[in-house]
Amino acid sequence: MKKQESEERRQEFEALVATGMSVAKAAAAVGISTSTGFVWAQPSRRPARKGARKTMRFAQLVPRTTVEKQMQLEVDGVVIKVESTFDDQMLARLIRVLRGAS
């Protein structure tokens with residue numbers, strides 16, 4: 001099969017699957033094997049097309065451990081009670097101020 005024919009079949013196959021047609025029926029309709037259809041249907045296994053742009057994706061990382069109860073810190077004789085929703089930058093600034101005050 002020529003490269004151009006293959007690309008045309010792939011596009012036709014993807015269009016059929018996008019309409020809700022099963023992979024097996026779409027594969028039969030464009031004249032490819034069902035196994036090839038399943039490979040083409042999986043985005044992670046599709047070969048990159050010429051000129052195709054790769055999309056960069058980002059994920060927000062959230063720590064799994066959190067302070068669930070109130071904590072108490074002592075800095076130079078001063079007790080600081082910290083709730084679970086504390087702002088870590090604010091706490092760091094407060095500790096710097098307390099250390100500078102003594």
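Guide: Helices and strands are runs assigned by DSSP and numbered from the N terminus, a helix (H or I) having at least four residues and a strand (E) at least two. The model is predicted, so local features need pLDDT of at least 70 and side-chain atom pairs count only at pLDDT 80 or more, while totals for chains, interfaces and linings use all residues. Residues are numbered from 1 along each chain as its sequence is written, and side-chain values use heavy atoms, with hydrogens and water left out.

The protein has 4 helices and 2 strands, arranged from the N terminus as α-α-α-β-β-α. The two strands form a hairpin, β1 and β2, with 2 residues between them; in its turn, Asp 76 has a positive phi of about 50°. Strand β1 (residues 71–75) pairs with strand β2 (residues 78–82) in the antiparallel sense over 5 bridges, where pairing requires that DSSP find at least two bridges. Gln 72, for instance, has Lys 81 in β2 as its bridge partner.

In α2, Val 23, Ala 26, Ala 27 and Val 30 are buried, that is, under 20% relative accessible area, whereas exposed means over 50% and partly exposed lies in between (1.4 Å probe, protein chains only). These four residues lie on the same side of α2 because they cover an arc of only 100° around the axis, the arc being that of the directions from the helix axis to the C-beta atoms. An α-helix has 3.6 residues a turn, so residues three or four places apart point the same way. On the other side of α2, Lys 25 and Ala 28 are exposed. After the helix comes Gly 31, with a positive phi near 80°.

The largest nonpolar core consists of 7 residues: Phe 13, Val 23, Ala 26, Ala 27, Val 30, Ile 32 and Trp 40. Such a core is a set of buried Ala, Val, Leu, Ile, Met, Phe, Trp, Tyr and Cys residues joined through side-chain atoms within 4.5 Å. Helix α2 (residues 23–30) gives the most to this core, with 4 residues. Another core, of 6 residues, lies apart from it and includes Val 75, Ile 80, Val 82 and Leu 91.

Leaving aside neighbours within four places in sequence, Ala 27 is in contact (heavy atoms within 4.5 Å) with Phe 13, Ile 32, Ser 33, Thr 34 and Gly 37. Of the 102 residues of the protein, 16% count as buried.
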